[in-house]
Amino acid sequence: MDSFDNKPSSPAEANPLQAQYDALQHMVVSILILVIVISGTLNIYFLRQWRTVSKDLAAVSPQATKMIADYQKTSAPAMNDFVKKIIEFGRTHPDFAPVLTKYNLQVDTSTGATVSPPASPAPTAPAPAPKKK
Amino acid sequence: MKNNPLPRVLLGVLLVSALASVVLCWLYISNTRQLRTLQGQLNIINNNRTVMATLANDALEYSKKNPAIDPILESVGLKPAKTGTPAATKPATK
């Protein structure tokens, strides 16, 4: 009589929670592998983009830095000086006003102050060169 | 229940990959920002030079009608200086 109660059964029947656990674990592993593949693809994309931009930056940076330094040292002061003189000239010669107006260099006749400066402010210090690896 | 180490290993790999993504993304953004800053500054410089060249041309045109502006143009080298003596009008040779 008691032999029916002690009869061994299959593992799944014996413990349905174990089967659910195994299925869940397989699913988690599958999802993890999928996310790793996606992340790896993203890594490759970022790596390629970074290399491309680094090459561009390495090519542009020396010339641009030199050009910006030259501009800040020589061109910008000369331009500002010329514009100041032109504006001063425009105060005493109203027939020159159209030229000043064309370049948005209007002179306020009541105060003599310039409404807007001509040249944009000199650019800020150039960005540092990219680090070589 | 079995203690399967595979999920832990995969989680570790995923963590490393995610960190690498963050680092590479930061490097890419940083370099792109530097490049755009440089290009923006060069654009400003070129734009300023173009505007100043046009302004200088207009001033030269104006000087044909009103030579009073000549001293300004001469001071910045847009026009050869007039000293009144014929010898001085010759270009300097260095």
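Which residue of chain A forms a salt bridge with Asp58(B)? The views below are taken from a predicted model.

**View 1. A salt bridge links chain B to chain A.** Asp58(B) pairs with Lys102(A). Their closest N and O atoms lie 2.8 Å apart.

**View 2. Polar contacts join chain B and chain A.** The count is 13 residue pairs, with both residues at pLDDT 80 or more. On chain B, two elements each give two or more residues to the side that touches chain A: α1 (6-65) and α2 (70-75). α1(B) gives the most, with 34 residues. What kinds of residue make up this side of chain B? They divide into 30 nonpolar, twelve polar and three charged.

**View 3. Chain B and chain A bury area between them.** The size of an interface is often given as the accessible area lost when the parts come together. Here the two chains bury about 4,500 Å². Carbon and sulfur atoms account for 73% of it. Tyr28(B), Leu38(B) and Leu55(B) supply 13% of the area that chain B buries against chain A. The contact takes 45 residues from chain B and 51 residues from chain A.

**View 4. Helix α2 of chain A bends at Tyr71(A).** The bend is about 45°. This helix covers residues 16-92. A straight helix of 77 residues would span 114 Å at 1.5 Å a residue. Between its end C-alpha atoms, α2(A) spans only 99 Å.

Definitions and conventions: Residues are numbered from 1 along each chain as its sequence is written. Chains are lettered from A and ligands numbered from 1 in the order in which they are written. This is a predicted model: local features need pLDDT of at least 70, side-chain atom pairs count only at pLDDT 80 or more; totals for chains, interfaces and linings use all residues. Side-chain values use heavy atoms; hydrogens and water are left out. Contact means heavy atoms within 4.5 Å. Buried area is the accessible area (1.4 Å probe) that two parts lose on being put together, summed over both. A salt bridge is a side-chain nitrogen of Lys or Arg within 4 Å of a carboxyl oxygen of Asp or Glu. A polar contact is a pair of N or O atoms within 3.5 Å; within protein, one must be able to donate a hydrogen and the other to accept it, and residues adjacent in sequence count only if both atoms are side-chain atoms. Helices (H or I, at least four residues) and strands (E, at least two) are DSSP runs, numbered from the N terminus. Ala, Val, Leu, Ile, Met, Phe, Trp, Tyr, Cys and Pro count as nonpolar, Asp, Glu, Lys and Arg as charged, and the others, Gly among them, as polar. The expected span of a helix is 1.5 Å times one less than its number of residues. The bend at a residue is the angle between axes fitted to the seven residues ending there and the seven starting there.
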